[in-house]
Amino acid sequence: MTVSLINPDGHVQVPLYHHVAVATGSKQIHVAGQVAWDGNGELVAPGDLAGQVAQVYRNVAKSLAAAGATFDDVVRFTWYAAGWKREMYDAFVAGVEQAATELGITATPPAALIGVEVLFEPGILVEAEVTAVVG
């Protein structure tokens with residue numbers, strides 16, 4: 001499977017981001033909303049956006065592996081952030097960078113970050129849904 005990430009000419013260039021993903025393959029993987037829970041359902045990094053983003057990536061990694069995929073197969077991330085404010089961006093990016101270093105992630109597929117009032121339960125700051133294509 002091949003995923004080509006593209007930033008079109010004349011389009012704004014954003015660090016850690018691509019505007020377009022072109023995927024070839026026969027199996028789609030849709031990872032349901034992942035939050036910063038550990039294997040026991042306990043919230044990791046309460047009150048720490050960067051820490052929760054990194055934990056979400058860890059959970060996505062486990063989910064992708066269970067389906068026979070890696071971050072190289074991801075074509076889209078959809079993020080939801082509770083109480084989002086622009087001032088939270090640096091902490092969000094710090095979590096992405098932490099996860100990239102820890103998990104060896106080099107691809108930055110298209111993503112959306114949607115601010116919401118609340119998520120599943122108090123204390124959850126972010127949630128991500130992920131789509132991947134393999135084989």
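How exposed is Val22, in terms of relative accessible area? Val22 is partly exposed, at 40%, where partly exposed sits between buried (under 20% relative accessible area) and exposed (over 50%), using a 1.4 Å probe and protein chains only. A word on the ground rules: this is a predicted model, in which local features need pLDDT of at least 70 and side-chain atom pairs count only at pLDDT 80 or more, while totals for chains, interfaces and linings use all residues. Residues are numbered from 1 along each chain as its sequence is written, and side-chain values use heavy atoms, leaving out hydrogens and water.

Val22 lies in strand S2 (residues 20-24); strands are DSSP runs of E with at least two residues, helices are runs of H or I with at least four, and both are numbered from the N terminus. Together with Ile6 and Val20, Val22 makes a nonpolar surface patch of about 190 Å². Such a patch joins nonpolar side chains (Val, Leu, Ile, Met, Phe, Trp, Tyr) within 5 Å, from residues with over 30% relative accessible area and no salt bridge.

Now over to strand S3 (residues 27-34), the place of Gln34. Gln34 counts as buried, at 17% relative accessibility. Its contacts (heavy atoms within 4.5 Å) include Val56, Asn59 and Val126, not counting residues up to four places away in sequence.

Finally, Glu102 and Arg58 meet through their side chains in a salt bridge at 2.7 Å, N to O; the term means a side-chain nitrogen of Lys or Arg within 4 Å of a carboxyl oxygen of Asp or Glu. Glu102 lies in helix H2 (residues 89-103) and Arg58 in helix H1 (residues 49-66), so the pair ties together parts 44 residues apart in sequence.

How values were computed
Patch = residues over 30% accessible without salt bridge, like charges linked within 9 Å, V, L, I, M, F, W, Y side chains within 5 Å. Areas by Shrake-Rupley, 256 points an atom, 1.4 Å probe, with all protein chains shown as cover.
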